[in-house]
Amino acid sequence: KISYYNGQFKNDDEITVDYNDRAFYFGDGVYEVVRVYNNEFFTLDEHMDRLIRSASEIGIEDLDRSKMVEIVTQLNKQNNISDGSIYIQVSRGIGKRNHAYPLDTKPVVLAYMNETARPTDQMEEGISAITAEDYRWLKCHVKSLNLLANVMEKERAVRAGAHETILNRQGIVTEGSSTNVFIVKDGVLITHPADNMILNGITRLEVLKVAELRNIAYEEKTFTVKELMEAEEVFITSTTQEVTPVIEVDGEMIGKGLKGKVTNALQEGFNERIHKLNLV
Ligand code: PMP
């Protein structure tokens with residue numbers, strides 16, 4: 001497999017990373033995961049825009065968007081993977097460990113491609129989730145490498161035999177540890193507004209476009225853990241999980257404990273977009 005680190009494409013087993021890369025010491029960088037279906041990128045522009053935006057939010061201003069596109073395009077071409085995902089991270093650079101930014105360093109890019117199957121079983125059968133307090137920082141709109149709270153809270157789900165942890169701040173549901181969260185209440189689709197409390201998921205935005213196209217009423221507004229538990233339907237979204245129903249939260253059944261009608265319609269619409277139908 002061909003991967004990329006700090007200016008060079010190499011075979012996986014020939015890549016060595018610099019231990020002074022600030023990604024190691026501080027998680028000082030940002031990243032993206034882009035999906036490839038049938039050898040073609042899905043929503044590449046949106047992911048590249050968000051990468052540049054995230055970088056800019058942490059003071060990396062000199063990131064070359066066309067260079068980033070070139071790297072992921074090369075990886076997609078050179079690795080013979082039809083259904084995959086490309087991970088790309090940008091760290092602030094290389095320098096002796098010191099909190100303050102090194103004076104003369106430039107961003108260091110690491111990128112590779114993995115084979116990734118669609119989560120077809122989970123998309124049909126649904127998953128279970130637990131709830132937990134959201135104690136992350138207040139810049140969750142930045143797709144930061146610093147994911148300590150996210151990994152700790154995902155681990156809590158795994159240990160409870162569940163699949164995802166749905167986070168809340170003082171009873172307001174924000175998002176999952178690596179997903180956005182939607183509920184259906186009185187037939188209306190609801191998800192947290194795209195502010196600093198959540199990562200504005202590309203899949204989240206795709207789902208909202210599908211809702212628009214299919215005349216499914218939706219609102220971007222906050223909802224509580226109580227509303228989550230009492231929702232008709234709950235689902236999570238992400239690049240790799242797509243639109244996955246949540247049928248159980250904290251051991252309690254959501255709705256009828258099956259994939260709901262609205263979730264199903266949104267999955268259908270999302271599928272059409274993957275296959276390049278109904279694009280807006
Ligand atoms: N929220 C968080 C915290 C995430 O890590 C992710 C996935 N990276 C998402 C939401 C979903 O974003 P996307 O649909 O762009 O993958």
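Axes here are lines fitted to C-alpha atoms, for helices over the stretch in contact, and angles run from 0 to 180 degrees between N-to-C directions. Bear in mind throughout that this is a predicted model.

**Stop 1**

Select helix H6 (202–213) and helix H8 (residues 261–274). Their axes come within 9 Å and cross at roughly 110°. Angles of 65 to 115 degrees count as roughly perpendicular, and H6 and H8 are therefore roughly perpendicular to each other. Show side chains for the contact: H6 brings Glu-206, Val-207, Val-210, Ala-211 and Leu-213, while H8 brings Leu-266, Gly-269, Phe-270 and Arg-273. Sorted by class, this contact of H6 with H8 has six nonpolar residues, one polar and two charged.

**Stop 2: the ligand**

Keep H6 on screen and display the ligand. Around the ligand are 14 residues, of which Leu-199, Gly-201, Ile-202, Thr-203 and Thr-239 come nearest. The elements giving two or more residues to this shell are H6 and strand S13 (233–238). H6 gives the most, with three residues. What is the make-up of the shell by class? Nine residues are polar, three nonpolar and two charged.

**Stop 3: the largest nonpolar core**

Next select Ala-129, Ile-183, Leu-228, Val-234 and Val-246, which touch the most other members of the largest nonpolar core, a set of 32 residues. At least two residues of this core come from each of strand S7 (127–133), strand S8 (164–169), strand S10 (180–185), strand S11 (188–191), H6, S13, strand S14 (242–249) and H8. In soluble globular proteins, nonpolar side chains tend to be buried together.

Centre the view on Val-234. Setting aside residues up to four places away in sequence, which residues does Val-234 touch? They are Ile-183, Leu-228, Val-246, Val-249 and Ile-254.

**Stop 4: a second core**

Now move to a separate core of 23 residues; Val-30, Tyr-31, Ile-86 and Leu-110 are among them.

**Stop 5: Leu-51**

Select Leu-51, found in helix H2 (residues 44–57). Is Leu-51 buried or exposed? A residue is buried if 20 or more other C-beta atoms lie within 10 Å of its own; Leu-51 has 24 C-beta neighbours inside 10 Å and so counts as buried. Apart from neighbours within four places in sequence, Leu-51 is in contact with Val-30, Glu-32, Met-68, Ile-88 and Val-90. To finish, draw a distance from Leu-51 to Val-158: their C-alpha atoms are separated by 29 Å, and the two residues are 107 residues apart along the chain.

Technical notes:
Residues numbered from 1 in each chain as written. Predicted model: local features only at pLDDT ≥ 70, side-chain atom pairs only at ≥ 80, totals over all residues. Near = placed C-beta within 6 Å. Helix = DSSP H or I, 4+ residues; strand = E, 2+ residues; numbered from the N terminus. Nonpolar A, V, L, I, M, F, W, Y, C, P; charged D, E, K, R; others polar. Parallel < 35°, antiparallel > 145°, perpendicular 65-115°, else oblique. Contact = placed C-beta atoms within 7 Å. Core = buried A, V, L, I, M, F, W, Y, C linked by C-beta atoms within 7 Å. Buried ≥ 20, exposed ≤ 12 C-beta atoms within 10 Å, placed from the backbone.
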